[in-house]
Amino acid sequence: MKYIIFTIKTAYSEENYFLTVNDNESIELQIDKALAEICYCDNYEIISYTEVTKEYTEERNKAIVDYENLFNESVENSFCSGKYTTLEAIKNDIAYRQNAW
């Protein structure tokens, strides 16, 4: 198993998502399934995907715990991207919410 960040392009934006992938299945198919799971309904094109390091994944897991401790909300429920939310999105939301209060 490995972890990737994938980027999709829509008519109005480029978006990044985090995904745990299985080496025994097409990455593109796994991306499609992940987006379907979060009810992503806009047309999109998969632009790229890049494997991330173990350190990135560990930092992301720590950020999820920090987020939940700070706001008493789960990342999965707070973000439209659910469990596919990137580390950068989590960090940006923490910074925004801390500065907004």
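At 63% relative accessibility, Cys 39 counts as exposed (exposed means over 50% relative accessible area, buried under 20%, and partly exposed in between, with a 1.4 Å probe and protein chains only). This is a predicted model, in which local features need pLDDT of at least 70 and side-chain atom pairs count only at pLDDT 80 or more, while totals for chains, interfaces and linings use all residues. Residues are numbered from 1 along each chain as its sequence is written, and side-chain values use heavy atoms, with hydrogens and water left out.

**The cysteines**

- The number of disulfides is zero, where a disulfide is a pair of cysteine sulfur atoms within 2.5 Å.
- For Cys 39, the closest cysteine sulfur belongs to Cys 41 and is 8.1 Å away, which is too far for a bond.
- Cys 41 is exposed, with a relative accessible area of 70%.

**Helix H2**

- Helices (H or I, at least four residues) and strands (E, at least two) are DSSP runs, numbered from the N terminus.
- Buried residues of H2 are Tyr 56, Thr 57, Arg 60, Ala 63, Ile 64, Tyr 67 and Phe 71.
- Seen down the axis, these buried residues fall within an arc of 115 degrees, so they line one face of H2; the arc is that of the directions from the helix axis to the C-beta atoms.
- Turned away from that buried side, the face of H2 carries the exposed residues Lys 54, Glu 55, Lys 62 and Asn 69.
- The cover over the buried residues of H2 includes strand S1 (2-9), strand S2 (14-21), H3 and H4, with contact meaning heavy atoms within 4.5 Å.
- Just after H2, Asn 72 takes a positive phi of about 55 degrees.

**Helix H4**

- Helix H4 covers residues 87-100, and its 14 residues reach 20 Å from first C-alpha to last, close to the 20 Å expected.
- Its buried residues are Leu 87, Ile 90, Asp 93, Ile 94 and Arg 97.
- They cover an arc of only 135 degrees around the axis, which puts them on the same side of H4.
- The buried residues of H4 pack against helix H2 (54-71) and helix H3 (75-78).

**Charged pairs**

- The count of salt bridges is eight, a salt bridge being a side-chain nitrogen of Lys or Arg within 4 Å of a carboxyl oxygen of Asp or Glu.
- One of them joins Lys 33 and Glu 25, whose closest N and O atoms are 2.6 Å apart.
- Lys 33 is partly exposed at 47% relative accessible area, and Glu 25 is partly exposed at 27%.
- Arg 97 and Glu 73 meet in a salt bridge of 3.0 Å, N to O.
- That pair links distant parts of the chain, with Arg 97 in helix H4 and Glu 73 in the loop between H2 and H3, 24 residues apart.
- Arg 97 also meets Asp 93 in a salt bridge of 3.8 Å, N to O.
- Arg 97 and Asp 93 both lie in H4, four residues apart, about one turn of the helix, and both are buried.
- Shared partners in these salt bridges join Glu 73, Asp 93 and Arg 97 into one network.

Methods: Expected span 1.5 Å × (residues − 1).
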